[in-house]
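Here are my comments on the model you sent. Please read them with the structure open.

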Amino acid sequence: MLIDIDQKFTFEDIIPIRDLIAETCGLHFDEKKYYFIEKRIAKRIKATNTQSAKDYFRLLKLGQNHDEMKELVASLTTNETYFFRYLPQLESFAEEALPMICSAKRAKNDYNLNIWSAGCSSGEEPYTLNILLREHLKDLSKWNIRILATDIDYQILKKAREGLYEKRAVKDVNPEILEKYFTQIGSRYQICQEIKTGVSFSYANLMDRREMRSINDMDFVFCRNVLIYFDDKARKQVVNSIYNCLLPGGFIFLGHSESVGKISATFKLVKFQKSLSYQK
Ligand SMILES: C[S@@+](CC[C@H](N)C(=O)[O-])C[C@H]1O[C@@H](n2cnc3c(N)ncnc32)[C@H](O)[C@@H]1O
């Protein structure tokens, strides 16, 4: 028997799956999102040929099928992003935080710079950071720079690696930068090779403590517009993991409506001229 994707499930069918998703990847869906999540679960039940919502829950829960959890999560993520998103914060990074970290490192003859875009979606954020480094670091060639970009949505990472964007994604890019770092192909924009090769994309779940322990020595972490979709418990866990990934003095940049204030007393709030950040 195949499940009809228009079939309605009961609250009792959906809630255990919803809670398992929150536990696994932090994404939290309240009652207002019930219809959205029900539709996506129904699609996956059909795609996996599972007989019922209870069987599908068991398939996910037994963990034998990690790929299925990946598929389900990829169908639930919000990937909204664009180049130079929230410019005041990026200016704080480029004009204040970056010079601060770099001059401290130059004094120690340490020319390693590690930046992590955590929840990078289709790549606009880490590519923007790479452009900013090229525009602002005068002694760029001396630095050994690593830009790590991770996401839980394996589908969106394919798009990120491709680096080809619709006009909408570059709407906030100034014309000079657009000309310098992109090639127009028909109605789309291809990020140039220099910017592309500087970013390394990989799959990582911010809620996976083991994966998080393998990421370290970061000078800057951008985790913007990711934690808004999480519940408080998951937010706290992720912020603590990110704290451990940072070098002393390193910064975390969150989305402009997000704050670590309520969830962690370990970071120091830093007020830059145009925005706020948190420092380890
Ligand atoms: C709205 S986008 C934000 C993109 C970019 N940071 C920005 O601000 O423009 C949120 C991204 O977080 C990712 N995400 C959600 N939960 C995650 C998790 N547990 N681990 C890693 N990435 C996650 C989603 O797949 C999505 O691509």
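The points below take the ligand site, then the sheet, then the helices on it.

1. The model is predicted, not experimental. Read each point that follows with that in mind.

2. The ligand is surrounded by 24 residues. Thr 77, Thr 81, Gly 119, Ser 121 and Arg 224 are the closest of them. By residue class, the shell around the ligand holds 10 polar, eight nonpolar and six charged residues.

3. An open sheet is built from seven strands, in the order β6-β2-β1-β7-β8-β10-β9, with mixed pairing. The edges are taken by β6 (199–203) and β9 (268–271); each has a single partner strand, so one side of each has no neighbour in the sheet. On average, and ignoring direction, neighbouring strands of this sheet are turned by 25° against each other.

4. Within the sheet, strands β1 (residues 112–118) and β7 (residues 218–223) run parallel and are joined by three bridges. Trp 116 has Val 221 in β7 as its bridge partner.

5. Two helices deserve a look against the sheet. Helix α5 (residues 87–107) lies across β7, β8 (246–254) and β10 (276–279), and runs at about 175° to β8. Helix α7 (residues 154–162) lies across β2 (144–151) and β6, and its angle to β6 is about 165°.

Methods. Residues are numbered from 1 along each chain as its sequence is written. This is a predicted model: local features need pLDDT of at least 70, side-chain atom pairs count only at pLDDT 80 or more; totals for chains, interfaces and linings use all residues. A residue is near a molecule or strand if its C-beta atom, placed from the backbone, lies within 6 Å of it. Ala, Val, Leu, Ile, Met, Phe, Trp, Tyr, Cys and Pro count as nonpolar, Asp, Glu, Lys and Arg as charged, and the others, Gly among them, as polar. Two strands pair if DSSP finds at least two bridges between them. Helices (H or I, at least four residues) and strands (E, at least two) are DSSP runs, numbered from the N terminus. Axes are lines fitted to C-alpha atoms, for helices over the stretch in contact, and angles run from 0 to 180 degrees between N-to-C directions. Two residues are in contact if their C-beta atoms, placed from the backbone, lie within 7 Å.
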